[in-house]
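I am opening a notebook on a structure that is new to me. The entries below follow the order in which I looked things up.

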Amino acid sequence: ELTGMSQLYNKQKSGWFYYKHTLTSGFSFGNNWVDGQTTSTMTLPAKSKIFVYTYTPLRGDTDNWGGHYEDLQYNINGNGWTSLGRSGFVSRMMTDNSPITKHTDCVMMDFYSVDNDFTLAFKTRHQEYNSGGSVIDSCAISGGDNDATTQQDNQRYAFYKQIIVMGFAQE
């Protein structure tokens with residue numbers, strides 16, 4: 001039992017929940033925004049607080065200076081997509097080497113004002129900064145060992161595109 005200040009500040013009313021969305025097929029991006037990964041719809045408890053982590057393996061098949069923008073969007077109760085903002089031109093900012101790299105991001109969202117259980121989905125959109133690129137494609141991911149008993153532990157799946165959502169409901 002919590003007492004004192006711990007009791008005052010512990011507003012968690014549910015156990016933790018965890019969703020892991022994995023994209024195993026690749027795509028390319030250029031000078032127009034393209035949809036990348038869209039999660040399935042999750043049902044979350046009212047007043048949820050969540051942490052969203054994205055992992056995007058990238059390749060630039062060029063020797064030119066270039067980069068990548070990623071825009072994370074969310075949809076509550078099927079009411080349309082809202083952007084959380086895009087990253088700057090990140091990760092692939094290199095020249096003279098056709099780089100293989102990654103982009104990661106983490107966002108916290110507080111749905112304390114939502115009084116009823118709700119549905120939530122995420123998607124990422126991608127665009128180049130001066131030279132195209134690809135996500136997953138041409139990164140030799142499929143060359144990893146496939147010797148684990150579950151996809152989550154499989155060395156190959158660990159490096160596919162991921163959107164991970166963790167959270168709990170608040171009082």
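Entry one. I began with Val-165 and listed its contacts (heavy atoms within 4.5 Å). Not counting residues up to four places away in sequence, Val-165 touches Phe-17, Tyr-18, Tyr-19, Met-42, Ile-50, Phe-51, Val-52 and Phe-122. I note that this is a predicted model, where local features need pLDDT of at least 70 and side-chain atom pairs count only at pLDDT 80 or more, while totals for chains, interfaces and linings use all residues. Residues are numbered from 1 along each chain as its sequence is written, and side-chain values use heavy atoms, with hydrogens and water left out.

Entry two. I looked up nonpolar cores, meaning sets of buried Ala, Val, Leu, Ile, Met, Phe, Trp, Tyr and Cys residues joined through side-chain atoms within 4.5 Å. Buried is under 20% relative accessible area, exposed is over 50%, and partly exposed is in between (1.4 Å probe, protein chains only). The largest core has 15 residues, and Val-165 is one of those with the most contacts inside it, a group that also includes Leu-44, Ile-50 and Phe-122. Elements giving two or more residues to this core include strand E5 (48-59), strand E9 (100-110) and strand E12 (161-169). Strands (E, at least two residues) and helices (H or I, at least four) are DSSP runs, numbered from the N terminus. E10 gives the most, with 3 residues. Apart from this core I found another, of 7 residues, among them Phe-29, Val-135, Ile-136 and Tyr-160.

I turned to Gly-167, which lies in strand E12. Gly-167 is buried, at a relative accessible area of 0%. Leaving aside neighbours within four places in sequence, Gly-167 is in contact with Gly-15, Trp-16, Phe-17, Lys-49 and Ile-50. I also checked Gly-167 against Tyr-19: they are 148 residues apart along the chain, and their C-alpha atoms are separated by 9.2 Å.

Is Lys-123 buried or exposed? Lys-123 is buried, with a relative accessible area of 11%. This lysine lies in strand E10 (residues 118-129). Beyond its neighbours within four places in sequence, Lys-123 has contacts that include Asp-35, Asp-71 and Trp-81.

Entry five. I searched for aromatic pairs: rings of Phe, Tyr and Trp (its six-membered ring) with centres within 6.5 Å, stacked if the planes are under 30 degrees apart, edge-to-face if over 60, and tilted for the rest. The whole structure has 5 such pairs. The rings of Phe-111 and Phe-118 have centres 5.0 Å apart and planes at 50°, so I logged that pair as tilted.
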